[in-house]
Amino acid sequence: MIRTQRLAVGICALLAAFTVGIAFPAGAVADETTADAPKVDLVLDVSGSMRANDIDGKSRMAAAKQAFNEVLDATPEEVQLGIRTLGANYPGDDRKTGCKDTAQLYPVGPLNRTDAKTAVATLSPTGWTPIGPALLKAADDLDGGTGSKRIVLISDGEDTCAPLDPCEVAREIAAKGVGLTIDTLGLVPNTKLRAQLSCIAEATGGTYTSVEHADELTDKVNQLVDRAADPVVTPVATQGADSCSQAPNLKSGLYTDREEFGQERWYRVDVNPGQELRASVSVADDRAVNPDYGVLLRAVTVHQREIVRGEADGTGRTDVVSTGLRYPKAESDDENALAETVCLQVTNSFSAAAGVKATPGLPLELTVDVVDGPSRASDVASFGLGRGWWLLGALILAGFLAGVLWGWLSRWRVAVWRTN
């Protein structure tokens, strides 16, 4: 009897251990899956002005609720979605308290559509418009994980909590290099609101949209949530140096940095014999700048001898200036030949408009690609045309022959006309 009981206990313990052994790996897989899941935080303005009845005969708040319910139904399963409010809880006149009025209505995570809709149904237009504080908190909501991160801000009015400028807040968020994008939607066709929401979006590479109808709001939010689920390459934050000797050594990849007005940043890349370095840089003017601008990308040796350069400039208003270069390193007969260290210098000639802050620096995105070189270095050295010289020569020859043929036909027709 005792032996039978011991046997039963042993079997139960073995089954329990086996169950635990299965459960833990499953949990680990779940953790790995959720770590790179795309995240979206919908930030909704619930200030008193949302009571206005000017969207298809209904209040702005009612239109927003309808849009949210439809978006929640259409949200892809792989997207972790949350909802944050601003101005939803404090109805008083104390500015200090009103500018702290932002709360997480539904936490960012796997979506329970019923719970999220129930939370949205409780909203009622109430107080202030603390956009800046809400963006800071929303960035914290999305902290962690390696997937894409997106804030969708929906508002009908300007921020009422200056001097915490929401545009400066967006620049600070972008300067952290966390790969977070802020998209903004304005419910009122107001010039000042458009300027503020556009500035917030541009600072992080997002978009601004003016919305005046309920179906437009639904469609746009759905589009932005779906975009979060698309696979993206998140730039790696790096920090360029003031000289090549102190510069970070970069591998092939996409990098993000910040560069102040008129500043130069240095990076290092190792190129082996028989390889080709391809690099491009984009500098965005996320604030008001003077109309004359330019960007220079140079590849130089460690002894400061220039190898190749790419530059772009212009006059007027633009959002991004980009340029690039290619440097093929010839193959070597020496099997022990060492890699060459190439120094990349990025310089911009943007200048700040009057009263514009110089910090944080302008967003800089650098793409580095080290690939197997072409069969001959001259293939990419021929004025940048590479094997395109063959096509150019064929076009020139075809143009010459066409000109000769056309001239002969013209003379023949004139001769026939004179004879007749």
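The conversation below sets values against definitions.

Guide: This is a predicted model, in which local features need pLDDT of at least 70 and side-chain atom pairs count only at pLDDT 80 or more, while totals for chains, interfaces and linings use all residues. Residues are numbered from 1 along each chain as its sequence is written, and side-chain values use heavy atoms, with hydrogens and water left out.

Visitor: Why are H2 and H4 called roughly antiparallel?

Guide: Helix H2 (residues 60–74) and helix H4 (residues 113–121) pack at an angle of about 175°. Angles run from 0 to 180 degrees between N-to-C directions, and those over 145 count as roughly antiparallel. H2 and H4 are therefore roughly antiparallel.

Visitor: What makes H2 and H4 meet?

Guide: Contact means heavy atoms within 4.5 Å. Among the residues of H2 that meet H4 are Phe-68 and Leu-72, and the H4 residues include Ala-116 and Val-120.

Visitor: What makes E15 a strand that is mostly covered?

Guide: A strand is a DSSP run of E with at least two residues, and E15 spans residues 340–348. Buried means under 20% relative accessible area (1.4 Å probe, protein chains only); eight of the nine residues of E15 are buried.

Visitor: How do you know that E10 and E15 pair?

Guide: Two strands pair if DSSP finds at least two bridges between them. Strand E10 (residues 264–271) and E15 have eight bridges, in the antiparallel sense, and Val-271 stands opposite Glu-340. Strand E12 (residues 292–300) also pairs with E15, over six bridges.

Technical notes: Buried < 20%, exposed > 50% of the residue type's maximum accessible area, 1.4 Å probe, protein only. Helix = DSSP H or I, 4+ residues; strand = E, 2+ residues; numbered from the N terminus. Parallel < 35°, antiparallel > 145°, perpendicular 65-115°, else oblique.
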